Amino acid sequence: MNVLVTGGCGFIGSNLVRYLRAQRPGWKVVSLDKLTYAGNLENLGELEGDPGYHFVRGDIGNRELVEHVIRQHSIDAVMHLAAESHVDRSILGPEAFIVTNVLGTQVLLDACRPTGVKRFLMVSTDEVYGSLGPTGAFTESSPLRPSSPYSASKASADLLALACGHTFGMDVVVTRCSNNYGRYQFPEKLIPLMVVNALHDQPLPVYGDGGNVRDWLHVEDHCQALAIALEHGRSGEVYNIGGGAERPNIEIVKGILSILGKPESLIRFVKDRPGHDRRYAIDPSKIKAQLGWTPAHTFERGLEETVRWYVDNRPWWERVRSGAYLQYYETQYRARLEPAAA
Ligand code: NAD
Ligand code: TYD
């Protein structure tokens, strides 16, 4: 099988490409990636020279290019991960999220139809469901109530993919996963940001009271679920993917400090994110029952291994944090350090 992975140089995409080359060695994997600030060729440096892996730099919104790549590599299936992915950035500037996540997804779907792509796997997010109260979990039939520009753009893409199935008979499968963690995550998301700041003895900005809950999924468990969903998912169906590891943010931040042997005095409670979703929790019973998937990683061990990876791979995050990104972050970082009461 020949698979096109969009966003293959990002966090989940690069872990997925690596996973597929190791676990599905008979598949040819082509990565299409624009290499935004979040995409990095270095994430897949070890695959250089691998005849089963090809990289194409390009935008999913370029229909001509996408059709050319699909035809050139006789692509059978698309795993669509390319996106603008950070909620905070979507609050500062939603436009890029609409261009890539909504329009780009539609262009990609349109390019798949005349070129004979057999299956389209849309990687969506649990954030499309909005926020939960203190109890309960999202199921595939929970209503979609996205609350940030990011999640609204992902809900649009998710529904456009499903609409393509209904309207044009395209074979579409949608997955909605919870927060991923693991190696190669860009250090603007909670876990790598806190590790990097702690290593610099800089304050760790915790939004609001730190009681917001996320349901953590190890990226390698996610990649396994995506491969299974592509192979065995039922056409037109949605599958929730979650690691069963609900934790309040403050607990994660304290856990990171403890692994690194750094003091809790580095924690700084700062002004909350506007519209901050309080709690996410995934009910993954459908993918477990229908496709036989279960996560292999436990959170505490996975977190410790992840933190150690960042400690051991300082040159990687120093490089990806340099240049334009650093400028953006320094500005945002200063703004973020306003105290919670402000
Ligand atoms: P990421 O930001 O690390 O990577 C995104 C990748 O997409 C980058 O390599 C970037 O260069 C590429 N890209 C962006 N715009 C593009 C465009 N127009 N054309 C081609 N490539 C483009 O994101 P991630 O965390 O790896 O997330 C991957 C996918 O998984 C996204 O669709 C995201 O919405 C979804 N998701 C992520 C999480 C998470 O916890 N990280 C959770 C749920 C869902
Ligand atoms: P994030 O990693 O941005 O993922 P998402 O917003 O998609 O869930 O954030 C995870 C949680 O951590 C979320 O509740 C916001 C919180 N957070 C902070 O408290 N401080 C930070 O500096 C960041 C980036 C996130």
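Student: Let us start inside the protein. How many residues does the largest nonpolar core have?

Tutor: In this predicted model, the largest nonpolar core has 36 residues. Val-5, Leu-20 and Met-79 have the most contacts inside it.

Student: Which helices and strands each supply at least two residues of this core?

Tutor: The strands are strand 1 (2-6), strand 4 (77-80), strand 5 (119-125), strand 6 (172-177) and strand 11 (238-241). The helices are helix 1 (11-23), helix 7 (219-232) and helix 9 (285-291).

Student: And which of them gives the most?

Tutor: Helix 7 does, with eight residues.

Student: What is Val-5 in contact with, leaving aside neighbours within four places in sequence?

Tutor: Its contacts include Gly-13, Leu-16, Val-17 and Leu-20. Val-29, Val-30, Ser-31 and Leu-32 are also in contact with Val-5, as are Met-79 and Leu-81. Another core, of 33 residues, lies apart from the largest one, and Leu-32, Ile-70, Ala-82 and Tyr-280 are among its residues.

Student: Val-30 was in that list. Where is its place, and is Val-30 buried or exposed?

Tutor: Val-30 is in strand 2 (residues 28-33). Val-30 counts as buried because its relative accessible area is 0%, and the cut-off for buried is under 20%.

Student: What does Val-30 touch, not counting residues up to four places away in sequence?

Tutor: Val-30 touches Val-3, Leu-4 and Val-5, together with His-54, Val-56, Val-69, His-73 and Ile-75.

Student: Changing topic to the rings: what is the count of aromatic pairs?

Tutor: The count comes to 12 aromatic pairs. One of them joins Trp-309 and Tyr-310 in an edge-to-face arrangement, 5.0 Å centre to centre with 85° between the planes. Tyr-310 also forms an edge-to-face pair with Trp-316, at 6.2 Å centre to centre and 70° between the planes.

Student: Are these residues buried or exposed?

Tutor: Trp-309 and Tyr-310 are both buried, and Trp-316 is buried as well.

Student: Which residues do ring pairs link into a cluster here?

Tutor: The cluster consists of Tyr-184, Trp-309, Tyr-310 and Trp-316.

Student: What about charges over rings: which ring has the charged end of Arg-113 over it?

Tutor: That is the ring of Phe-168, with the charged end of Arg-113 at 3.6 Å from the ring centre. Lys-286 lies over the face of Tyr-239, at 4.9 Å from the ring centre.

Student: On to the ligands. Which residues come nearest to ligand 1?

Tutor: Of the 28 residues around ligand 1, the nearest are Ile-12, Asp-33, Ser-85, Tyr-150 and Lys-154. A backbone N or O atom of Ile-12 is 2.7 Å from an oxygen atom of ligand 1. For Asp-33, an N or O atom in the side chain is 2.6 Å from an oxygen atom of the ligand.

Student: Which residue has a polar side-chain atom 3.1 Å from a nitrogen atom of ligand 1?

Tutor: That residue is Thr-100.

Student: And which residues are closest to ligand 2?

Tutor: Ligand 2 is surrounded by 19 residues, and Glu-127, Pro-205, Arg-214, Arg-273 and His-276 are the closest. Oxygen atoms of ligand 2 lie 2.8 Å from a side-chain N or O atom of Arg-214 and 2.7 Å from a polar side-chain atom of His-276. A polar side-chain atom of Asn-179 is 2.9 Å from an oxygen atom of ligand 2.

Definitions and conventions: Residues numbered from 1 in each chain as written. Chains lettered and ligands numbered in written order. Predicted model: local features only at pLDDT ≥ 70, side-chain atom pairs only at ≥ 80, totals over all residues. Heavy atoms only, no water. Phe/Tyr/Trp six-rings, centres within 6.5 Å; stacked < 30°, edge-to-face > 60°. Buried < 20%, exposed > 50% of the residue type's maximum accessible area, 1.4 Å probe, protein only. Lys NZ or Arg CZ within 6 Å of the ring centre and 35° of its normal. Core = buried A, V, L, I, M, F, W, Y, C linked by side-chain atoms within 4.5 Å. Helix = DSSP H or I, 4+ residues; strand = E, 2+ residues; numbered from the N terminus. Contact = heavy atoms within 4.5 Å. Near = heavy atom within 4 Å. Polar contact = N/O pair within 3.5 Å; in protein donor to acceptor, adjacent residues only side chain to side chain.
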